[in-house]
Amino acid sequence: QIVATAICRTDEHLRQGCFPDAEFPVIPGHEGAGIVESVGEGVTSVKPGDKVIPLCQPQCGECSFCLNPESNICQKSHLCKPQNLLPDKTSRFTCKGKQIHHFLWISTFAEYTVVPEYAVAKIDAAAPLDKVCLFGCGFSTGYGAAINTAKVKPGSTCAIFGLGGVGLSAVMGCKAAGASRIIGVDINKDKFAKAKELGATDCINPRDFKKPIQEVLTEMTGQGVDYSFEVTGHADTMIAALASCNMSTGVCVMVGLLDSGSEISIDPMLLLTGRTWKGTVLGGMTLKKII
C-alpha cells in the first residue's frame, strides 16, 4: 500500500518520452513510501506490516554492478533493461480490462502496487512516511550528489544551479561536507530564503546580471568554484555550471535530466585544462545500505 508519494520532474520526463523503453498507458510515480500488504513466495527481507520505500533504482545484490562498491546502479535497472513490466513479464495493473504498464517497477502514483523484492527497502517502524518518501529520489539524489559523487571537501566553494527540492538537498549535502561558501543560483528569488535557511551563503539570480552567470561566479570566487551542480536539466545551464568551476581542479556534477532529444555542445578546452564533468544517478546512493 502506497501511503505517501512525491512528484518529481522525472515523472514529467516519462510523459515527454525521455524513457525510450516506457510503454503507455502507464502509472507514473517513483518517490514513495508505504506499508507491505502481503508478500510472495520466497520473500524474506520484508513482511506484512513493514514500512518500506520502493526503490526506483533496484539493488539485486548479485550483478557485477551491485557487487562493485563504487557503483549504485543495478543491471536490472531501467538503464540496462525495460521496467515497464515486472520481471516475470506481467503487469499487475488493469483498467476496464486493459493492461496498464508499470513505471520503474514501482508506480507509486497507485494506491497499491506490486514490486520485486530487490526494488523495496525496509525502514524504521517510526519513520513518518509523508517525509521519508523523499529518500526514494529527491533528497537522496541532491544530497548524494554532493557527498558521494562530487565528494565535496571541507572549506571548498560550491555553486548549485536550481533550488528546487533536489537542489536544496544538494545545498544540505555541501553544508554537511563542510563547504565554506555555497552559492545558490536560480531565476526564482522566492527560493532564496529557504536555500539560506538550509545552508546557502549566497543566492543570485542570473537575470540580475548582463554577463553570463559563469563569469559572475568566477568574479565572486576569484577563480571559479571548486564544485558546481546542475539541477535544472537545461543544456545551457549545464554548460554554465561546467564553466563556473575552476579550470584546474573544478568538478561539475550533472544532476538534472535533459528533455528528450536535447544535445550539448561544449568547448573542449573546458575539460582539457583539468575540469571534471560527472553525472550521477540517485546521488550515488545505495538505498538498501543506508535506510
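Of the 291 residues of this chain, 47% count as buried. Buried means under 20% relative accessible area; exposed means over 50%, and partly exposed is in between, with a 1.4 Å probe and protein chains only. The model is predicted: local features need pLDDT of at least 70, side-chain atom pairs count only at pLDDT 80 or more, and totals for chains, interfaces and linings use all residues. Residues are numbered from 1 along each chain as its sequence is written, and side-chain values use heavy atoms, with hydrogens and water left out.

Start with the overall fold. The chain has 10 helices and 12 strands. These are DSSP runs numbered from the N terminus: helices are H or I with at least four residues, strands are E with at least two. The radius of gyration is 20 Å, close to the 19 Å that the globule rule gives for 291 residues, so the chain is as compact as a globular protein of that length. That radius is taken over C-alpha atoms, and the rule is 2.2 Å times the number of residues to the power 0.38. Along its principal axes, the C-alpha trace spans about 60 × 40 × 40 Å.

Contact here means heavy atoms within 4.5 Å.

Now go inside. The largest nonpolar core has 25 residues. Such a core is a set of buried Ala, Val, Leu, Ile, Met, Phe, Trp, Tyr and Cys residues joined through side-chain atoms within 4.5 Å. V152, C158, I160, L163, C174 and F229 have the most contacts inside it. Two or more residues come from each of α4 (138-150), β7 (157-161), α5 (165-176), α6 (192-198), β10 (227-230) and β11 (251-254). Helix α5 gives the most, with five residues. In soluble globular proteins, nonpolar side chains tend to be buried together.

Leaving aside residues up to four places away in sequence, I160 touches G167, A170, V171, C174, I182, I183, G184, V185, F229 and V231.

T141 is found in helix α4. T141 is buried, with a relative accessible area of 9%. Beyond residues up to four places away in sequence, T141 touches V166, V255, L282 and G283. V166 lies in helix α5. V166 and G138 are 28 residues apart in sequence, and their C-alpha atoms are 5.1 Å apart in space. With the same exclusion of residues up to four places away, V166 touches G138, T141, G142, V231 and V255.

K191 sits in the loop between β8 (181-185) and α6. K191 is partly exposed, with a relative accessible area of 29%. From G138, K191 is 53 residues away in sequence and 17 Å away in space, C-alpha to C-alpha. Not counting residues up to four places away in sequence, K191 touches L163, G164 and D186.

Another helix to find is α8, residues 235-244. Seven of its 10 residues are buried, so α8 is largely enclosed by the rest of the structure. The buried ones are T237, M238, A240, A241, L242, A243 and S244. They pack against β7, α7 (213-221), β10, β11, α9 (269-272) and β12 (276-279).

Finish with charge. The chain has 27 positive and 28 negative side chains, and the centres of the two sets lie 2 Å apart. Lys and Arg count as positive, Asp and Glu as negative; His and the chain ends are not counted. Each charge is placed at NZ of Lys, CZ of Arg, CG of Asp or CD of Glu.
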